[in-house]
Amino acid sequence: MKKATVLLVLVLLISTLGLFAGAQAETKAPSNELTLYYSHAADWTDPIIKEFQDRTGIKVNLVGAGTGELVSRIRAEKDNPLSDVLWGGGSDSYQVIIDLLEPYEHAHMDMALPVTRDPGNRWHGTTIDPMVIIYNPKLVAAEDAPKGWADLLNPKFKGRIAHADPARSGSAFMALIIQLLSMGGDNEVGWTYMKNFVTNLEGKVLGSSSGTFKGVSDGEYAVGITYEEAALKYERAGANLKVVYPIEGSSKVPSPIAIVKGAKNLENAQKFVDFILSKDVQALMGDLNRRTVRSDIELPSIMIPNDKLGDIPYDTVWVGENKDRIMNQWKNLIVGR
């Protein structure tokens, strides 16, 4: 009888210890870190990330690489996510892994322009990145400078247009879509424009987007197409470069941030998204030559207002579904088919 009693006491003790351990597991201290996959330049993002760490005490583990590489990693890690947040690149890249992103309504939804986010709230724009035309004022007089996409067909610019290869540059592909939609659409009219544009390029495309603004400012090319942030940065630095916002319009293309589905540090990831879209951080974007997504922040005078960018839709779902076909048509134009 004594043995049975001892065994019963041991069973009860083990059970109690198990329940206590389980309770401890349930009440364990919250995570104090998050892992950020980012493709933005470190020179402007790292100070912002440091400020987040200082304010919250949350350690941010940084993994920097190209957007394409980070997207591939998220896809490969889908069964065991190693990242919590993806930040950088264009909305096209987020759309291809849309099912691997966690819906989240951040703390500043009322202030952010609806056009800059995924309808399902799986990614949110942190800046707006329109495409612009640039020219070298030493080579082109202001009165002769292109005013819009149509002017890039002018014979005086033949062979003098700096443009990156859309197959190698995300911003150049974005420009291709915007030009196509601005100049008639994805139809015979739009593609006739693109054919004439390629003729004026004389088949020459650059290997990277950085070659565009460098080529124009160095006088290697008279005009070019690039993204606003780079153009304004060079212009403000005193380079031989002027920025033109196309009269036909550009597009409110967002550069997003997203929480990875299954994030191990979900609460901290949400705090980081809230921080990036806060008024404090978004107010800094203009000084960084970037365009805020918030409606309650005044843009620098060097930028035209958001409502003057035009209303050309940049439908990421449509772009993703048609990207291969559009690129094949572009490649055929380049090789003269």
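What volume does the largest pocket have? The largest pocket has a volume of about 1200 Å³. The model is a predicted one, in which local features need pLDDT of at least 70, side-chain atom pairs count only at pLDDT 80 or more, and totals for chains, interfaces and linings use all residues. Residues are numbered from 1 along each chain as its sequence is written, and side-chain values use heavy atoms, with hydrogens and water left out.

## Pockets and cavity

On a 1 Å grid over the protein atoms alone, a pocket is an open set of points with protein on both sides within 12 Å along at least five of seven lines, a cavity is a set where a 1.4 Å probe fits but cannot get out, and lining residues have an atom within 4 Å of a point. Grid points are joined across faces, edges and corners, and a volume is the space filled by probe spheres set on the points.

The largest pocket is lined by 45 residues, and T67, G89, G90, G170 and S171 are the closest to its centre. Two or more lining residues come from each of α2 (42-56), α3 (67-76), α4 (91-95), α5 (170-182), α8 (228-236), β10 (254-260) and α11 (316-334). Helix α11 supplies the largest share of this lining, six residues. Helices (H or I, at least four residues) and strands (E, at least two) are DSSP runs numbered from the N terminus. By class, the lining of the largest pocket holds 17 nonpolar, 18 polar and ten charged residues; Ala, Val, Leu, Ile, Met, Phe, Trp, Tyr, Cys and Pro count as nonpolar, Asp, Glu, Lys and Arg as charged, and the others, Gly among them, as polar.

The second largest pocket has a volume of about 290 Å³. Its lining consists of 18 residues, with V115, P313, Y314, D315 and T316 nearest the centre. Nine of the lining residues of the second largest pocket are nonpolar, four are polar and five are charged.

One cavity of 30 Å³ or more is present in the structure.

## Salt bridges

Side chains of opposite charge can pair when their charged atoms come close. The structure holds 13 salt bridges, each defined as a side-chain nitrogen of Lys or Arg within 4 Å of a carboxyl oxygen of Asp or Glu. Three of them are tabulated with the relative accessible area of each partner, where buried means under 20%, exposed over 50% and partly exposed in between (1.4 Å probe, protein chains only).

| D280 and R55 | 3.2 Å | D280, 46%, partly exposed | R55, 47%, partly exposed |

## Fold and strands

The protein chain contains eleven helices and ten strands. Its C-alpha atoms fill a box of roughly 105 × 40 × 30 Å along the principal axes. Of its 337 residues, 48% count as buried. Among contacts (heavy atoms within 4.5 Å) between residues at least 6 apart in sequence, 74% join residues at least 24 apart.

Is strand β1 (residues 33-38) largely enclosed or open? Five of the six residues of β1 are buried, so the strand is largely enclosed by the rest of the structure. Strand β1 pairs with strand β2 (residues 59-64) in the parallel sense over six bridges, two strands counting as paired if DSSP finds at least two bridges between them. The bridge partner of E33 in β2 is K59.

Strand β5 (residues 124-128) is mostly covered, with five of its five residues buried. β5 and β10 pair in the antiparallel sense over four bridges, and T127 stands opposite S255 in β10.
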